[in-house]
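Dear colleague,

I am passing this structure on to you, and below it you will find my notes on what turned up when I went through it. Please read them with the structure open beside you.

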Amino acid sequence: MASEREDFSLSGPLHLSAVDWTNVHHQRSVAASLVQGVYILERDRQLKREGPEALASPWWEFFNFKLFRKLVDDVDSSIFGAVYEFKPSTSYSTHSLDDSPRYVIAFRGTVTKPDSVSRDIELDLHIIRNGLHETSRFEIGMQAVRNVVATVGESNVWLVGHSLGAAMALLAGKTMAKTGIFIQAFLFNSPFFSAPIERIKDKRVKHGLRIAGSVITAGLAFAAAAKKNHQNRRSVDPFTALSAWIPSLFVNPDDHLCSEYIGYFEHRKKMDEIGIGAIERIATQNSIGGLIMSAMGKESEPLHLIPSANLTVNLIPSQDFKEAHGIHQWWRPDLEVTSKLYKYQ
């Protein structure tokens, strides 16, 4: 789903006339605004808005960013991402400038308009099948990430994305983290495709279902490892190797596309508390769907499973799914959130 709020004067974070780059709320608002800039870039393209009629530029210029490069899909020519360069002016008041990014690479989510919806949905289906890494759009985005990091270093780069774009940013971040390069990432409403257990109100039923799921998943994973005769025993566990990378995840409990991240991380903690954390450490890095695909000879790494994260949950109830999934919620000045760091051990 896309955020269709295009009027910056009505919905943008104008309260941030001065950005404190050490303030996590300011960071979140700027990151979300830069993603919205990509959405509006694509709408400008579709509606042929150019020059003074274009609406996208305020979303980055307000924070003293410049559009360095548009990322264009080679299939439908839609704009799916952007590379922004931070160019602070002397008239713009900023704090802790050393903590600001030099470049931000942003990816939008699905735009439900005829010019791009078919290609976006195709990418959404690739996420479900854990095949996003095989798409040309991801390769274009990944090459942009590699180029920017090679030029300025990972400490000067942010990865940001919403929905489908969050999946793009997550996969790019995981890919770089596997090589020891850890990029700060802001992932809004990143998809987590699984049974909607988090929506169950009864905590005992929910916890029981999660334990059962963990036992089944761990059992399948153990059987799969035994079938391979432990051929990878001497190699470094890739899930553990990723644990040092800690992306920032932003989820809404009313958004069924991302809310399972809440239970995913909290369940790991509860399993440790009741003494069966070893089972969960196996289950947390596998999915039943991925294990079934592996048994069929189709290796697929579940995109949404990550070892560590700084999880931020929106505590304000949403009126509907569109509001719960929208990017606009993340720059609200009255936003109420709770955040928790989950570090894989």
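Just after α5, Gly153 takes a positive phi of about 90 degrees. Before going further, please note that this is a predicted model, in which local features need pLDDT of at least 70 and side-chain atom pairs count only at pLDDT 80 or more, while totals for chains, interfaces and linings use all residues. Residues are numbered from 1 along each chain as its sequence is written, and side-chain values use heavy atoms, with hydrogens and water left out.

Helices (H or I, at least four residues) and strands (E, at least two) are DSSP runs, numbered from the N terminus. Helix α5 covers residues 136-152, and its 17 residues should span 24 Å at 1.5 Å a residue, which agrees with the 25 Å between its end C-alpha atoms; the expected span is 1.5 Å times one less than the number of residues. Buried here means under 20% relative accessible area, exposed over 50%, and partly exposed in between (1.4 Å probe, protein chains only). The buried residues of α5 are Arg137, Phe138, Gly141, Met142, Ala144, Val145, Val148, Val149 and Val152. Seen down the helix axis, these buried residues fall within an arc of 155 degrees, so they line one face of α5, the arc being that of the directions from the axis to the C-beta atoms. The face turned away from that buried side carries the exposed residues Ala150 and Thr151. Among the elements that cover the buried residues of α5 are β2 (65-72), β3 (79-86), α4 (117-128) and α6 (164-177), where contact means heavy atoms within 4.5 Å.

**Nonpolar cores**

A nonpolar core is a set of buried Ala, Val, Leu, Ile, Met, Phe, Trp, Tyr and Cys residues joined through side-chain atoms within 4.5 Å. The largest one has 50 residues, and those with the most contacts inside it are Val145 and Tyr261. The largest share of this core, 10 residues, comes from α6. Apart from it lies another core, of 34 residues, among them Ile40, Ala82, Ala106 and Ile327.

**A buried glycine**

Gly37 lies in helix α2 (residues 24-46) and is buried, with a relative accessible area of 0%. Leaving aside residues up to four places away in sequence, Gly37 touches Ala56, Trp59, Trp60 and Tyr84. Gly37 and Ala56 are 19 residues apart in sequence, yet 5.3 Å apart in space, C-alpha to C-alpha.

**Salt bridges**

A salt bridge is counted when a side-chain nitrogen of Lys or Arg lies within 4 Å of a carboxyl oxygen of Asp or Glu, and by this rule the count comes to 11. One of them joins Asp120 and Arg108, whose closest N and O atoms are 2.8 Å apart. This pair links distant parts of the chain, with Asp120 in helix α4 and Arg108 in the loop between β5 and α4, 12 residues apart. Both Asp120 and Arg108 are buried, and they belong to a network of salt bridges that also links Asp73, Arg119, Glu122 and Arg137. Glu266 and Lys340 also meet in a salt bridge (3.7 Å, N to O), with Glu266 in helix α9 (residues 260-273) and Lys340 in strand β10 (residues 337-342), 74 residues apart. Glu266 counts as partly exposed at 21% relative accessibility, as does Lys340 at 35%.

With best wishes
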